[in-house]
Amino acid sequence: MKFSGIKGIAFDLDGTLVDSVPDLAVATQRALAELGLANVTEAQVRNWVGNGATKLMERAINASSGELPTADYLNEAMPIFMRHYQACLEQYSELYDGVAYVLRQLHAQGYRLAVVTNKPHKFSVPLLNAFGIGELFEPILGGDSLPKMKPDPLPLTHLCQHWQLTPQQVLMVGDSKNDIRAAKAAGIASIGLTYGYNYGEDIGLSEPDAVCESFEQIPALLESADK
Ligand SMILES: O=C(O)COP(=O)(O)O
Ligand SMILES: [Mg+2]
């Protein structure tokens, strides 16, 4: 059974724990306006989330101006985006249904919990703390915490070493093909969630070990495996 013997669970953040696109969209729109570029929609931003803040801005500038930004232009644009996102981080973002309850339940059952996100670390910790769940995770790894981010397996192999657990004892839960690809490359099992952001694609196509429509389905999968 794929989920038996699991001792630690790595959770993705954006689109898995928190519906953060409303604020990411506002920050993107404000940054584009400050740069004198055309506006983009929240629906567009939803499809650009997944490879970290710099990729998000690169995709937004590309769509807005019709051109891929140069490295210099992107370097200029990033602090503008970061300033706007810092100012609205948790304004319109929300935890998905059941997230706080299920995390507390898993924590109380003795599972080790981590966040492995491509979001910059400086936003990840305050966002989780704003929803009162930050203290449940150790560690919280951001997209800039290590030299490579998901879909590279590095954050997950690092996590296994940090926890002193084998890949077979760790599970990845995420909404994006980057989460599933990272898990497969690290040799760990994965659950794909259907409600988040995956570039508009079906998460099932990435072939996670299980697909869930709701966060609340996760404990039952773990329990059935350990019976
Ligand atoms: O910041 C992103 O692009 C995605 O973040 P995530 O890895 O938590 O989904
Ligand atoms: Mg995600």
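**Notebook: annotated aspartates, ligand shell and sheet**

I began with the UniProt record, an unreviewed entry, whose "binding site" annotation covers D12, D14 and D175; its positions are given in the numbering used here, feature names are shortened, and annotations may be inferred rather than shown by experiment. Although these residues are spread over 164 residues of sequence, I found them clustered in space, with a largest C-alpha distance of 8.2 Å.

I note that this is a predicted model, in which local features need pLDDT of at least 70 and side-chain atom pairs count only at pLDDT 80 or more, while totals for chains, interfaces and linings use all residues. Residues are numbered from 1 along each chain as its sequence is written, and chains are lettered from A and ligands numbered from 1 in the order in which they are written.

**The aspartates.** I looked up D12 and found it in the loop between β1 (8–11) and β2 (18–19), strands being DSSP runs (E, at least two residues) numbered from the N terminus. D12 is buried, with 29 other C-beta atoms within 10 Å; buried means 20 or more such atoms within 10 Å of the residue's own C-beta, placed from the backbone. Leaving aside neighbours within four places in sequence, D12 is in contact (C-beta atoms, placed from the backbone, within 7 Å) with residues including V116, T117 and D175. D14 lies in the loop between β1 and β2 and is buried, with 26 other C-beta atoms within 10 Å; beyond four places in sequence, its contacts are S20, V49, T117, K119 and Y197.

**Ligand 1.** I counted 13 residues around ligand 1, the closest being L13, D14, T117, N118 and K119, where a residue belongs if its C-beta atom, placed from the backbone, lies within 6 Å. Domain 1 (8–19 + 93–226) and domain 2 (21–88) both give residues to this shell, so ligand 1 lies between them; the bounds come from an automatic or database domain assignment.

**The sheet.** I then traced six strands in an open, parallel sheet, in the order β5-β4-β1-β6-β7-β8, taking strands as paired if DSSP finds at least two bridges between them. β5 (140–141) and β8 (210–212) stand at the edges with a single partner strand each, so one side of each has no neighbour in the sheet. Strand β4 (residues 112–116) pairs with β5 over two bridges, and V116 has L141 as its bridge partner. Strand β6 (residues 170–174) is joined to β7 by four bridges, with L171 opposite A189. In β7 (residues 189–193), five of five residues are buried: A189, I191 and L193 point one way, S190 and G192 the other.

How values were computed: Buried ≥ 20, exposed ≤ 12 C-beta atoms within 10 Å, placed from the backbone. Contact = placed C-beta atoms within 7 Å.
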